[in-house]
Amino acid sequence: RARMNTIPRQWAKESAVAVLAVLLLGLALTCGLTSSRWIHAPFPGFFIMANRVIASVSLPTWPIAQHQHLYQHAILAVNGHAVETSKELYTFVQNLPQGSPTSYTLKKDGLQSEQVLPIRIFTVQDYWLLFGSYLLSGFALAFTGLTVWWLKPTAPASFALLMVGLTGGIFAITGADLYGPHWFFRLHILGEAFFPASLVHLALVFPIDRTQRFRTLLVGFPYLISALLGVAYEVSLYTPDRYSWIHDLSTLYGAVGGFTLFSSVVWAYLTTHSHLVQQKIRIILIGFLSGFSLPALLMLSSAVTGGE
C-alpha cells in the first residue's frame, strides 16, 4: 500500500518538473528569438523599458556607459519630437544614420534635462554579452533548481533552491524581453520582487535548517515583503518616478538576500562542530563567493546610487 501511494506522488512530481521545464524552455526560446531582432539594428546606445525609463544596463562601448546618471530617467522626447511609447522612440531612432548625434529630453524626480548621444548599431557581440548572459544565467538557475528538487523533493533546502531557480530564472530570462517587445514585463518584475525572498528562504534552511520551529512564519515573512513589493510594482509600472523608487527597493532587497545567504554559509562553517558539514561548506564556498557576493555588492551599490 505504501508503494502504491508513492507511485502517484512520484508521477505528480515528475509531471510538475516536466511542465515547468517545458514552460521555462519555451519562455527562453521566445525571449531569445524576439531579442535577436536587435542584431544589426540602430539603437540609441541605451535601452528603455515599456514605461520609457532608461534601463540600468549597458556595455562599456555604449554611449550611456559614460553617463550613468541618466539611468532610471524617463524619455519625454527625441530631437524635440514627443514620444509616448518605447516603440515610438525606437522607430524614430532606427530611421537615423549610425553616429547621428541625437537629443533626448529626460525627466526624473520632477526635473527635466537634455542629453545628446550618438546612434549606435547593436552588434552580434552586444547580443551575446547582454542577452546571452541573461538567457544563460536564467536557464542555469532555473534548471539547477528543478534538478535538485526532482532528485530530493522532500528536503527543505531542495524546495528553497527550486524557488531560487524559478524566481531568479524568470527574472533573468525575461530580461531579454525587457527592452522590447515587452511581452513579459509584468512577469519580469514579479521575478525581481520574489527573487530576494527565495535567497532568504534558502539561507534559513541551507546549509543548516534553522526553521525547525516557526517554519511557516520564518519562511513566509520574506515572501510577504516580496508580495507587497510585487503589488506596488504592478500598480506603479507605468509611473516612471514611482517605478524607479520601487526598483531601487527591490534591488536593495536583492542585495540583502544575497548577503544573508552568504552570511548563512559562512556562519554555519564557523560555528558547526560537524566535520562533514564543514567539508560540504568548504566545497561550495568558492561558488557562493563568486555567485552571490559580487552580484549582491553590485545590487547594493545600484540601490544606493539610484540605479547608477
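Modeller: Helices and strands here are DSSP runs, numbered from the N terminus. Keep in mind that this is a predicted model. With those labels, Asp109 sits in the loop between E4 and strand E5 (111-118).

Biologist: Is Asp109 buried or exposed?

Modeller: Exposed means over 50% relative accessible area. Asp109 has 59%, so it counts as exposed. Its C-alpha is 9.8 Å from that of Ala74, 35 residues apart along the chain.

Biologist: And Ser100, where is that found?

Modeller: In another loop, between helix H2 (86-94) and strand E4 (101-108). Buried means under 20%, and Ser100 is at 15%, so it is buried. A polar atom of its side chain lies 2.7 Å from the backbone oxygen of Pro97. Beyond its neighbours within four places in sequence, Ser100 touches Leu117, Pro118 and Ile119.

Biologist: How many salt bridges does the structure hold?

Modeller: Look for a Lys or Arg side-chain nitrogen within 4 Å of an Asp or Glu carboxyl oxygen. There are two. One joins Arg186 and Glu234, with the closest N and O atoms 2.6 Å apart. That pair links distant parts of the chain, 48 residues apart: Arg186 is in helix H5 (residues 185-205) and Glu234 in helix H6 (residues 215-235). Arg186 is partly exposed at 40%, and Glu234 is partly exposed at 21%.

Biologist: Which side chains meet in the bridge with Asp126?

Modeller: Asp126 pairs with Arg120, 2.6 Å from N to O. Here Asp126 is buried at 2%, and Arg120 is buried at 16%.

Methods:
Residues numbered from 1 in each chain as written. Predicted model: local features only at pLDDT ≥ 70, side-chain atom pairs only at ≥ 80, totals over all residues. Heavy atoms only, no water. Helix = DSSP H or I, 4+ residues; strand = E, 2+ residues; numbered from the N terminus. Buried < 20%, exposed > 50% of the residue type's maximum accessible area, 1.4 Å probe, protein only. Polar contact = N/O pair within 3.5 Å; in protein donor to acceptor, adjacent residues only side chain to side chain. Contact = heavy atoms within 4.5 Å.
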